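Dear colleague,

Please find below the structure that I am handing over to you. My findings follow directly after it.

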Amino acid sequence: MNKFYLFIVFAVLISCKKEPILNLDSLKISDPTDKEGEVIEIDTLLITPFKSKSLMDFYRSRDNQTVWQSEKNRKIILKIIKECEREGLNPSDYNISKLEDLEKKFSELDEEEQLNYDLLLTYNFEKYLIHLHNGKLNPRKLYNNWDLPVDELDMNSILNNALEKDSLICITEKFEPKALTYKKIIKALELINGFPEDKTQQVDTTGIIRRNHKNRAIVNIKKKLLYWKDLDSKDSINSVYDDKTFEAVKKFQTRHGLISDGVIGKSTIKALNFTKEERKHQIIVNLERWRWFAKSFAQNYVLINIPNYSLNVVEDQNVTMSKRIVVGKNKRRTPVLTSVLQTIVFNPTWTVPPTILKEDIIPELIKNRNYLKNKGIGIYDSDTNEVDPKNWNEKRPRGYRYIQKPGYYNALGVVKINFPNRYSVYLHDTNHRDLFERNFRSLSSGCVRIEEPLELVELLLENPKKYSREKMDSIIATKKTLFIGITKRYAIYQWYWTAWSENDELIFRDDIYNLDTDLYNQLRN
């Protein structure tokens, strides 16, 4: 089993006094005799073209007058925007060049130009803060299987409060995600920026390379491992797969969520062939995703990272259980969502969903009328009467329900866990329990399969006397469906991220749904 890196708990916010976002000493304020801005009345017609309600509300709260008379405040904002690359954002999205040009010649600006600068500064600063809080892009417009709530902030109050308390320097703390994972992706971006230019060559080889093998590709593999700091010596840059390189490969495999066996195969070569820039892009898109995710966590929750094939239960900021999972294949992806666990179902029946019915069941049933019978699946008409497969009407296959009876070999196994969502997905056991031993586990039709799910159920029900393992086994033995409500509130976060850092090491996972490259291109569009 791959080592799971513990990285999800609430981050403790660091006081701005302890770790300021900006160093005020680095802000060179002009001679105080230089011209400062004067308060200027703003015609609201000048605000309208920006098409920004938050901008309109902010200036209304300031009596429709200019705000950024203070050079110190202007330079704080410019520096925050200029340094937004540390958050994976792009300063050019906030017109930084034009803003800096206006600041350089501020003392020469006439009233109209000062007014324009004030509006542009506020507009772009608000835009940056909104992107920092909710992301630049809207996942619901990008994907049809991402269902995440938008967390709104009172921009007007926060901005005015920062002005009144002279605390602009700390304002980003109000907007950026608080999760420790976000901080660790920020750290990953810092780490990768510290790497030199990537001059390594692509590894070009087929087949499998094992320890003590000799292969021309080993030279480039060693150079890759040296570049990524998994190998710490270049003394033996030759074509022999020696013991030191073997250990370096295992370290590399662990960081990339691969089976750490030192065998260099297709998956390891694929991971080795990522360039520095490609990995940096991957980190940047994961920062964007975390801005889409929840800004605060429930007290108790189940967290799923789809590409990591992992499930963790977190209670009062402590991980109390970790499980390996199987997730949806690329063609039938597990949706990204936030919800609340609701019901445990022992001995569930399984109703064949529309996609599987269309793509799998109907074609097979047309070829063999006994296909479903062999799988323990019954055909039922609209009056819930079971239909003999011989009498099944293949011209109207959707006029029936196809239901598998409870049992150990049911597709859902012996238990499932329901939660409200619009995709009809749930957590469940499986009749293919051997799949958890695989490294690549993107194999389901969208739902999440859990290894040893009864251990999770016992934790969720939190009643060892009434629902001990022995009691659950006796319930399962009846083969009768039983619904039990979950009384303790557990949120479920079914999310997707492929890069972070751990102990100053870069961690990556395979982008199983091929989302990273396209998202980066859209971010930089």
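I begin with the crossing of helix 2 and helix 3, which is left-handed. The contact is formed by Glu71, Arg74, Lys75, Leu78, Ile81 and Lys82 on the side of helix 2, and by Ile96, Leu99, Glu100 and Glu103 on the side of helix 3. By class, the residues of this contact between helix 2 and helix 3 comprise 4 nonpolar, no polar and 6 charged. Please bear in mind throughout that this is a predicted model.

As to the geometry, helix 2 and helix 3 (residues 96-104) pack with their axes 11 Å apart, at an angle of about 155°. Since angles over 145 degrees count as roughly antiparallel, helix 2 is therefore roughly antiparallel to helix 3.

Helix 2 (residues 71-82) also packs against helix 4 (residues 111-134), here at an angle of about 40° and with the axes 11 Å apart. The two helices, helix 2 and helix 4, are therefore oblique to each other. Helix 2 passes helix 4 in a left-handed crossing. Helix 2 contributes Arg74, Ile77, Leu78, Ile80 and Ile81 to this contact, and helix 4 contributes Tyr117, Leu121, Asn124, Phe125 and Tyr128. The residues of the contact of helix 2 with helix 4 divide into 8 nonpolar, 1 polar and 1 charged.

I turn next to the strands. Strand 5 (residues 336-340) runs parallel to strand 1 (residues 146-147), and 2 bridges join them. Within this pairing, valine 336 of strand 5 is the bridge partner of tryptophan 146. Strand 5 also pairs with strand 16 (residues 491-495), in the antiparallel sense and over 4 bridges. There, valine 340 stands opposite alanine 491 of strand 16.

Asparagine 212 has a phi near 75°, a positive value in a residue other than glycine. Asparagine 212 is located in the loop between helix 7 (180-193) and helix 8 (217-227). Its relative accessibility is 58%, so asparagine 212 counts as exposed. For serine 424, phi is near 60°, again a positive value in a residue other than glycine. Serine 424 belongs to the loop between strand 11 (415-418) and strand 12 (427-428). With a relative accessibility of 60%, serine 424 therefore counts as exposed.

Yours sincerely

Conventions: Residues are numbered from 1 along each chain as its sequence is written. This is a predicted model: local features need pLDDT of at least 70, side-chain atom pairs count only at pLDDT 80 or more; totals for chains, interfaces and linings use all residues. Side-chain values use heavy atoms; hydrogens and water are left out. Axes are lines fitted to C-alpha atoms, for helices over the stretch in contact, and angles run from 0 to 180 degrees between N-to-C directions. Angles under 35 degrees count as roughly parallel, over 145 as roughly antiparallel, 65 to 115 as roughly perpendicular and the rest as oblique. A crossing is left-handed if the near helix is turned anticlockwise from the far one by less than a right angle, and right-handed if clockwise. Contact means heavy atoms within 4.5 Å. Ala, Val, Leu, Ile, Met, Phe, Trp, Tyr, Cys and Pro count as nonpolar, Asp, Glu, Lys and Arg as charged, and the others, Gly among them, as polar. Buried means under 20% relative accessible area, exposed over 50%, partly exposed in between (1.4 Å probe, protein chains only). Two strands pair if DSSP finds at least two bridges between them.
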